[in-house]
Amino acid sequence: MSNDLYEKRREQMFPRLTKAQVARLEPYGHHRATTAGEILMEPGEHEAKMFVVLSGSLVVEIPGTEEINLQPLGAGDFAGEMSTLRGVPGFAFIHVKEAGEVLVIRDSELRLIVQTDAEISVIFMRGQVVAKRSAFLSLSISNCLRVSISARS
């Protein structure tokens, strides 16, 4: 992804949560220390997890694509596979670039958040589903997504 395109879409793809929003998420998750290079999620995993970065940084990678130059996700950013809410496996790697701490929210708690907190639900859905999908399509990996969607339907 060109840096220009990334900068234009960064806020849409990876909206940053405010401190107040992160505080609202605290009861739904648990804190977890991370180490540089650690893989938090791999393609094919069925257990949904949302990672809210409290400190350090994460990187999201899509297998089978050219190297995509995404800036690391820092404090207030989040990453995860919303597709796993439908019971289908995710397709991205999430790994730790810089050691720190994340708030881990499991799929059952993520469902509660989506059902009960309209503001955060919209942020998660927009950031995880709509904007990322359109950005990935613009990166010429639409065939990967199309096959993935067809296989899951």
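Q: What does buried mean?
A: Buried means under 20% relative accessible area, exposed means over 50%, and partly exposed lies in between, using a 1.4 Å probe and protein chains only. Threonine 34 has a relative accessible area of 6%, so this residue is buried. This is a predicted model, in which local features need pLDDT of at least 70 and side-chain atom pairs count only at pLDDT 80 or more, while totals for chains, interfaces and linings use all residues. Residues are numbered from 1 along each chain as its sequence is written, and side-chain values use heavy atoms, leaving out hydrogens and water.

Q: In which strand is the place of threonine 34?
A: Strands (E, at least two residues) are DSSP runs, numbered from the N terminus. Threonine 34 is in strand β1, residues 30-34.

Q: Which residues does histidine 95 touch?
A: Contact means heavy atoms within 4.5 Å. Not counting residues up to four places away in sequence, histidine 95 touches Glu38, Ile39, Leu40, Ser57, Leu58, Val59 and Glu61. Histidine 95 itself belongs to strand β5, residues 93-106.

Q: What separates the C-alpha atoms of threonine 34 and histidine 95?
A: The separation is 9.5 Å, for two residues 61 apart along the chain.

Q: How many residues has the largest nonpolar core?
A: A nonpolar core is a set of buried Ala, Val, Leu, Ile, Met, Phe, Trp, Tyr and Cys residues joined through side-chain atoms within 4.5 Å. The largest one here has 15 residues, and those with the most contacts inside it are Leu40, Phe51, Leu58, Val60, Leu73 and Ile94. Strands β2 (39-41), β3 (49-61) and β5 each give two or more residues to this core.

Terms used: Helix = DSSP H or I, 4+ residues; strand = E, 2+ residues; numbered from the N terminus.
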